[in-house]
Amino acid sequence: VKVVVAVKAVAALDDEVELVDDETTVDPDGLEWDLNEWDAFSLEEALTLRDAAGDGEVVVVTVGDEESHDALLACLAKGADRAVRIWDDALAGADPLAVALVLAAAIERESPDLVLCGVQSSDGVNGTTGVATAAHLGLPHVAVVKDIDYDAGASQATVERELEGGLVEVLRVHLPALLTIQTGINEPRYATLRAIKQAREKPLSEVGLAELGLEVDAVAAAAGSHTRRLRHPDKGEGAEMLGGSPAEVAARIADIVKERMSA
Amino acid sequence: MSGILVVAETRRDELRSVTLELIGAALELKDAAGGPVAVAIVDADPSAFTGALAVAGVDEILTVTTPTPTFEAHVAQQVLEALVEAEQPDVVLLGHTIDSMGFGPAVAARKGLGFASDVTAVSWDAGPVAIRGAYGGKLVAELDFPGRERTLLMLRAGAFEPAEADGAAVGVRAVDVAFDAAPTEHLDYREAATGDVDITKAEFLVSIGRGIEDKDNVAQFEDLADKLGATLSVSRPLVDAGWVSNARQVGQSGKTVQPKVYLALGISGAVQHLAGMQKADTIIAVNTDPEAPIFSVAHYGAVADLFDVAEALEQHFG
């Protein structure tokens with residue numbers, strides 16, 4: 001079985017974040033990079049499917065600059081066979097629809113049986129890239145999957161979709177297909193120290209837009225939105241902060257709880 | 001038609017509540033956007049819902065009868081693509097819900113629409129301007145859609161004031177769509193797990209998240225909840241890790257709760273969690289990260305170590 005896993009290195013803000021470029025971008029010095037939490041689960045699912053099939057390939061694909069390199073190495077260390085990093089400076093700040101167009105072009109070259117994406121990324125929280133990628137590929141898609149039942153070589157899989165309130169829908173999907181994977185579907189493995197060292201020996205290719213047959217203008221035109229401005233959330237709506245030692249904080253909380261519960 | 005097209009959402013013969021929120025948002029935008037507001041109801045039996053969608057200010061209800069008995073993402077995608085072609089709306093509103101996440105982005109990608117998801121507010125400045133979180137909710141982004149004739153916005157459930165169905169006389173028009181065979185087949189629904197506890201009935205919830213760090217620490221907070229006369233609830237990561245049953249999970253994929261007091265310990269406040277608890281009467285949050293989004297919905301907050309606070313808190317009860 002051949003599975004492509006689309007992943008993302010996500011940016012977490014540190015506490016002293018600065019807005020630059022007329023408040024449309026975050027100063028990159030204030031960012032810490034890590035593999036998106038959802039992607040750890042979709043990668044684990046791909047590795048499990050490959051191992052159950054007895055043979056096959058797991059290819060990890062990302063759209064990202066060199067800050068994404070370590071996240072790909074982490075995927076290789078966990079057991080992915082190969083990684084592809086797609087980048088062009090024109091992709092800086094690309095929105096999910098633009099990223100989807102690029103991912104689709106890269107995935108098309110791989111002709112996988114299955115494409116797995118995280119439901120969303122912890123920084124963008126768009127819940128968009130996977131299903132938009134499937135649309136470009138013309139692949140069947142199921143969003144927010146929490147279980148996959150698939151026998152290698154089968155023309156369809158039975159999956160569970162997690163709906164609001166804990167309700168689950170069981171459905172059958174024709175393959176090849178793209179599934180977006182929800183956290184909790186499995187228990188992502190940790191890489192051994194040895195595997196982390198060996199990951200550097202695995203194939204990690206860096207690909208530009210031209211190699212995918214994409215024009216910079218076409219990618220820019222695919223973007224669904226433009227950021228007018230970033231700002232900090234209104235503090236006026238925020239909480240009244242309780243200061244002091246933990247004992248003082250606890251005393252205030254106890255007072256508030258007792259007052260509200262007797263109201 | 002230009003104007004605004006709202007896509008209603010149904011599940012298991014019921015209209016989902018986000019639908020009236022979408023209509024409320026559409027009516028707020030109607031004057032600025034110009035043009036009519038149409039509501040599309042896409043279901044195996046759409047006529048069953050037209051009464052519930054009769055809201056003064058809505059200009060037309062469009063009914064589409066689906067070939068599948070339940071929601072199917074590719075069917076929904078085909079319907080919306082056909083409606084965008086035929087009706088030419090300036091703005092399409094969907095809920096940012098699990099079902100709509102399964103087809104909204106696909107329609108935007110294929111039709112070249114302006115697009116934003118998980119939108120919490122919309123204004124108008126020569127075109128729609130969408131407000132949403134950025135960087136995991138630590139920042140707010142204002143998005144616009146220059147050069148786009150049409151824009152699809154997926155609105156966060158609970159973020160917009162719902163309209164009220166008032167029996168207004170609204171014209172109903174059936175729209176035919178030519179359907180391809182759907183590539184998925186519904187087999188079954190499985191109900192949410194019910195545990196030994198119903199957290200939706202609790203008046204006081206002590207809710208714990210990732211900040212408790214280890215499975216072995218769960219018991220300590222069960223004890224704390226007991227001492228405080230509260231019920232223990234949790235955020236998603238603790239259920240994903242298998243530490244606590246999902247009967248105790250608060251959030252979009254768990255339970256929606258509205259207790260008198262919600263004490264959040266070590267919960268950062270992901271969007272999906274906030275959706276399940278932000279209507280609590282009093283929210284108190286303790287977190288080590290001063291930028292945690294939970295503080296934006298909390299009434300009281302403390303930047304502190306939750307273990308220290310929990311230990312001190314016990315002394316005040318029992």
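In this predicted model, helix 2 (residues 73–87) of chain B packs against helix 4 (residues 104–111) of chain B at an angle of about 45 degrees, and the two axes are 9 Å apart. That angle makes helix 2 of chain B oblique to helix 4 of chain B, and the crossing is right-handed. On the side of helix 2 of chain B, the contact is made by Gln77(B), Leu80(B), Glu81(B) and Glu85(B); helix 4 of chain B contributes Ala106(B), Val107(B), Arg110(B) and Lys111(B). Sorted by class, this contact has four charged, three nonpolar and one polar residue.

Helix 5 (residues 218–228) of chain B and helix 9 (residues 306–314) of chain B cross at roughly 35 degrees, their axes coming within 10 Å. This crossing is left-handed. Gln220(B), Phe221(B), Leu224(B), Lys227(B) and Leu228(B) of helix 5 of chain B meet Leu306(B), Phe307(B), Ala310(B), Leu313(B) and Glu314(B) of helix 9 of chain B. By class, seven residues in this contact are nonpolar, one is polar and two are charged.

Chain B also holds an open sheet of seven strands, arranged in the order 7-11-6-1-4-5-12 with parallel pairing. Its edges are strand 7 (114–119) and strand 12 (171–174) of chain B; each has a single partner strand, so one side of each is left without a neighbour in the sheet. On average, and with direction ignored, neighbouring strands of the sheet are turned by 20 degrees against each other. Within the sheet, strand 4 (residues 37–43) and strand 5 (residues 60–65) of chain B pair in the parallel sense over six bridges. One bridge to look for in the structure above links Val42(B) with Val64(B) of strand 5 of chain B. Helix 1 (residues 18–33) of chain B packs on this sheet, where it touches strand 1 (4–7), strand 4, strand 6 (91–95) and strand 11 (151–155) of chain B. The direction of helix 1 of chain B makes about 175 degrees with that of strand 1 of chain B.

Turning to chain A, helix 2 (residues 69–78) has seven of its ten residues buried, so this helix is largely enclosed by the rest of the structure. The buried residues are Ala71(A), Leu72(A), Leu73(A), Cys75(A), Leu76(A), Ala77(A) and Lys78(A). Gly79(A) follows helix 2 of chain A and has a positive phi, near 135 degrees.

A few backbone details also deserve a look. Most residues other than glycine have a negative phi, and most peptide bonds are trans. Glu23(A) is not a glycine, yet its phi is positive, at about 60 degrees. Glu23(A) sits in the loop between strand 3 (19–20) and strand 4 (25–26) of chain A, and counts as partly exposed because its relative accessibility is 36%. In chain B, Tyr135(B) likewise has a positive phi, of about 50 degrees, without being a glycine. The loop between strand 9 (128–134) and strand 10 (139–144) of chain B contains Tyr135(B), which has 23% relative accessibility and so counts as partly exposed. Finally, Leu175(A) and Pro176(A) are joined by a cis peptide bond, with omega about -5 degrees. Pro176(A) belongs to the loop between strand 11 (168–174) and strand 12 (177–181) of chain A.

How values were computed
Residues numbered from 1 in each chain as written. Chains lettered and ligands numbered in written order. Predicted model: local features only at pLDDT ≥ 70, side-chain atom pairs only at ≥ 80, totals over all residues. Heavy atoms only, no water. Buried < 20%, exposed > 50% of the residue type's maximum accessible area, 1.4 Å probe, protein only. Helix = DSSP H or I, 4+ residues; strand = E, 2+ residues; numbered from the N terminus. Axes fitted to C-alpha atoms, helices over the stretch in contact; angles between N-to-C directions. Parallel < 35°, antiparallel > 145°, perpendicular 65-115°, else oblique. Left-handed = near helix turned anticlockwise from the far one by under 90°. Contact = heavy atoms within 4.5 Å. Nonpolar A, V, L, I, M, F, W, Y, C, P; charged D, E, K, R; others polar. Pairing = 2+ DSSP bridges.
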